[in-house]
Amino acid sequence: MIRNLWGPAEVADYLGVPVGTIYQWRTRGYGPPGRRVGKHVRYKPTDVETWFENQAGGVV
């Protein structure tokens with residue numbers, strides 16, 4: 001059971017980037033995987049953390 005999901009603002013806060021960057025990444029097929037819930041995009045915190053850990057340490 002998923003207890004909490006993050007919106008783009010929570011993902012941006014966690015990653016330390018502007019919210020607009022999260023939307024740009026999603027448009028370009030980059031960034032952590034998000035899912036549509038109705039008209040909203042939601043992210044599982046574990047997916048965001050896994051995506052972050054898998055980055056090669058380069059410029060995002």
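Tyr14 is partly exposed, with a relative accessible area of 36%; by the convention used here, buried means under 20% relative accessible area, exposed means over 50%, and partly exposed lies in between, with a 1.4 Å probe and protein chains only. Its partner is Trp6: the two form a tilted aromatic pair, 5.3 Å centre to centre with 45° between the planes. Trp6, in turn, is buried, at a relative accessible area of 16%. For such pairs, the rings of Phe, Tyr and Trp (its six-membered ring) must have centres within 6.5 Å; planes under 30 degrees apart count as stacked, over 60 as edge-to-face, and the rest as tilted.

Before I continue, please note that this is a predicted model, in which local features need pLDDT of at least 70 and side-chain atom pairs count only at pLDDT 80 or more, while totals for chains, interfaces and linings use all residues. Residues are numbered from 1 along each chain as its sequence is written, and side-chain values use heavy atoms, with hydrogens and water left out.

How many aromatic pairs does the rule give? The count comes to four aromatic pairs. One of them joins Trp25 and Tyr30, and this pair is edge-to-face, at 5.3 Å centre to centre and 85° between the planes. Trp25 counts as buried at 10% relative accessibility, whereas Tyr30 counts as partly exposed at 32%. Trp25 and Tyr30 also belong, with Trp51, to one aromatic cluster.

I turn now to the helices. Helices here are DSSP runs of H or I with at least four residues, strands are runs of E with at least two, and both are numbered from the N terminus. Helix α1 covers residues 8-15 and helix α2 residues 19-28; the two pack at an angle of about 105°, with their axes 8 Å apart. That makes α1 roughly perpendicular to α2. The axes are lines fitted to C-alpha atoms, over the stretch in contact for helices, and angles run from 0 to 180 degrees between N-to-C directions. Angles under 35 degrees count as roughly parallel, over 145 as roughly antiparallel, 65 to 115 as roughly perpendicular, and the rest as oblique.

Which residues make this contact? From α1 come Pro8, Ala9, Val11, Ala12 and Leu15, and they meet Val19, Ile22, Tyr23 and Trp25 of α2; contact means heavy atoms within 4.5 Å. By class, the residues of this contact divide into nine nonpolar, no polar and no charged. In that scheme Ala, Val, Leu, Ile, Met, Phe, Trp, Tyr, Cys and Pro are nonpolar, Asp, Glu, Lys and Arg are charged, and the others, Gly among them, are polar.

Ala9 is partly exposed, with a relative accessible area of 45%. Ala9 and Val19 are ten residues apart in sequence, and their C-alpha atoms are 5.6 Å apart in space. Leu15 counts as buried at 18% relative accessibility. Leaving aside neighbours within four places in sequence, Leu15 is in contact with Ile22, Trp25, Val48, Trp51 and Phe52. Between Leu15 and Phe52 there are 8.1 Å in space, C-alpha to C-alpha, although the two are 37 residues apart in sequence.

Is Pro32 buried or exposed? Pro32 counts as buried, at 8% relative accessibility. Not counting residues up to four places away in sequence, Pro32 touches Val11, Trp25, Tyr43, Val48 and Trp51. Pro32 and Lys44 are twelve residues apart in sequence and 9.2 Å apart in space, C-alpha to C-alpha.

My last topic is charge pairing. Side chains of opposite charge can pair when their charged atoms come close. The rule for a salt bridge asks for a side-chain nitrogen of Lys or Arg within 4 Å of a carboxyl oxygen of Asp or Glu, and the count comes to one salt bridge. The side chains involved are those of Asp47 and Arg35, at 2.9 Å, N to O. Asp47 lies in helix α3 (residues 45-53) and Arg35 in strand β1 (residues 35-37), so the pair ties together parts that are twelve residues apart in sequence. Asp47 counts as buried at 17% relative accessibility, while Arg35 is partly exposed, with a relative accessible area of 43%. Beyond residues up to four places away in sequence, Asp47 touches Pro33 and Arg35.

Thr46 and Gly29 are 17 residues apart in sequence and 19 Å apart in space, C-alpha to C-alpha.
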